Amino acid sequence: MACEQWREILSAELDGEASRSERVAAEEHLAGCAGCRAWFDAAAAVTRRARTRVAPPVPDLVDAVLAAVPPVRARSPWRERVGLGLRGLLGLLGAVQLVLGLTQIGRDAVIGHGPGAGQHLWHESAAWNVAVGAGFLVVALRRSAPTGLLPMLSAFVATLVLLSVNDLIIGQVAVARLVSHGFLLAGWAVMVLLARPGWRPGGTPPQRTRSSGSRWSLRLEEQPEPAPLRLVPPTPYSAQARHRRAA
Ligand SMILES: [Zn+2]
């Protein structure tokens, strides 16, 4: 075996990575090779120096770092209670909305939406009521931030309000039918409140000092998650390269 290969084994020995048989064989080679003996002594000295070098003094930054950390603001009990109340209300509205949709499926009469609305349109609106009720219930029970549901629900509510006003003006809708939309409107309003950072479960309360735009701003892109740190196992190669450079 060439001296270069013996030195790789000796380098591994300095890193504590050589096997017992490798160590014994390397010792035998060292006994008969002055070049490798000199190399090994130099490499061992470098390793010792690197491991025992006095760490240079660094300024104590603990106080400065701790002072720069933004204060952790606990959620106030009343905020917690109001958030819980909003979720309870949303759950109730979801249940009502769900029952409305399910009873609508049971009935096949077209009430209040005027002549010309076919059986299928009636079923379609029932499906929407069931879906909205289920959505309200899930948000209330899972305590998740309802931001993902808001764009579609807001468009649905806005369109429904505009069409309802139109139908009311031309007398195409019974007031009783419009009242049933009130549950949807109330649920939507609760969802808008719950989507704000201060009311989210686990969300941080609004920081008064922050001035980077409105909290209502429309975010069109998801913020990319920072890549998690990972441990890279030390490779024998890098240790050997270090020793070779040092030698
Ligand atoms: Zn040698």
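**Ser11**

I looked up Ser11 and found it buried, with a relative accessible area of 2%; I take buried as under 20% relative accessible area, exposed as over 50% and partly exposed as in between, with a 1.4 Å probe and protein chains only. Ser11 sits in helix 1. I noted that Ser11 and Ala44 are 33 residues apart in sequence, while their C-alpha atoms are 8.7 Å apart in space.

**Source of the values**

The model is predicted, so I use local features at pLDDT of at least 70 and side-chain atom pairs at pLDDT 80 or more, while totals for chains, interfaces and linings use all residues. I number residues from 1 along each chain as its sequence is written, and side-chain values use heavy atoms, with hydrogens and water left out.

I count helices (H or I, at least four residues) and strands (E, at least two) as DSSP runs, numbered from the N terminus. Helix 1 covers residues 3-14, twelve residues, and reaches 16 Å between its first and last C-alpha, close to the 16 Å expected at 1.5 Å a residue. I take the expected span as 1.5 Å times one less than the number of residues. Besides Ser11, the buried residues of helix 1 include Trp6, Ile9, Leu10 and Ala12. Just after helix 1, I found Gly16 with a positive phi of about 75°.

Ala18 lies in the loop between helix 1 and helix 2 (20-32). Is Ala18 buried or exposed? I found Ala18 buried, at a relative accessible area of 10%. Leaving aside neighbours within four places in sequence, Ala18 is in contact (heavy atoms within 4.5 Å) with Ile9, Ala12, Glu13 and Arg23. The C-alpha atoms of Ala18 and Glu8 are 9.5 Å apart, at ten residues along the chain.

**Helix 5 against helix 8**

I then looked at helix 5 (residues 77-106) and helix 8 (residues 175-194), which pack at an angle of about 145° with axes 9 Å apart. Axes are lines fitted to C-alpha atoms, for helices over the stretch in contact, and angles run from 0 to 180 degrees between N-to-C directions. On the helix 5 side, the meeting residues include Leu86, Leu90, Leu93 and Gln97; on the helix 8 side they include Arg177, Phe183, Leu184 and Val190. The residues of this contact divide into 13 nonpolar, five polar and two charged. Here Ala, Val, Leu, Ile, Met, Phe, Trp, Tyr, Cys and Pro count as nonpolar, Asp, Glu, Lys and Arg as charged, and the others, Gly among them, as polar.

For helix 5, I find 30 residues and end C-alpha atoms 44 Å apart, in agreement with the 44 Å that 1.5 Å a residue should give. Buried residues of helix 5 include Arg79, Gly91, Gly94 and Gly101, and what covers its buried residues includes helix 6 (119-142) and helix 8.

For helix 8, the 20 residues should span 28 Å, and the end C-alpha atoms are 29 Å apart, which agrees. Buried residues of helix 8 include His181, Gly187 and Met191. I found the buried residues of helix 8 packed against helix 5, helix 6 and helix 7 (150-169).

**Whole chain**

I count nine helices and zero strands in the protein chain. Of its 247 residues, 27% are buried. Among contacts between residues at least 6 apart in sequence, 72% join residues at least 24 apart.
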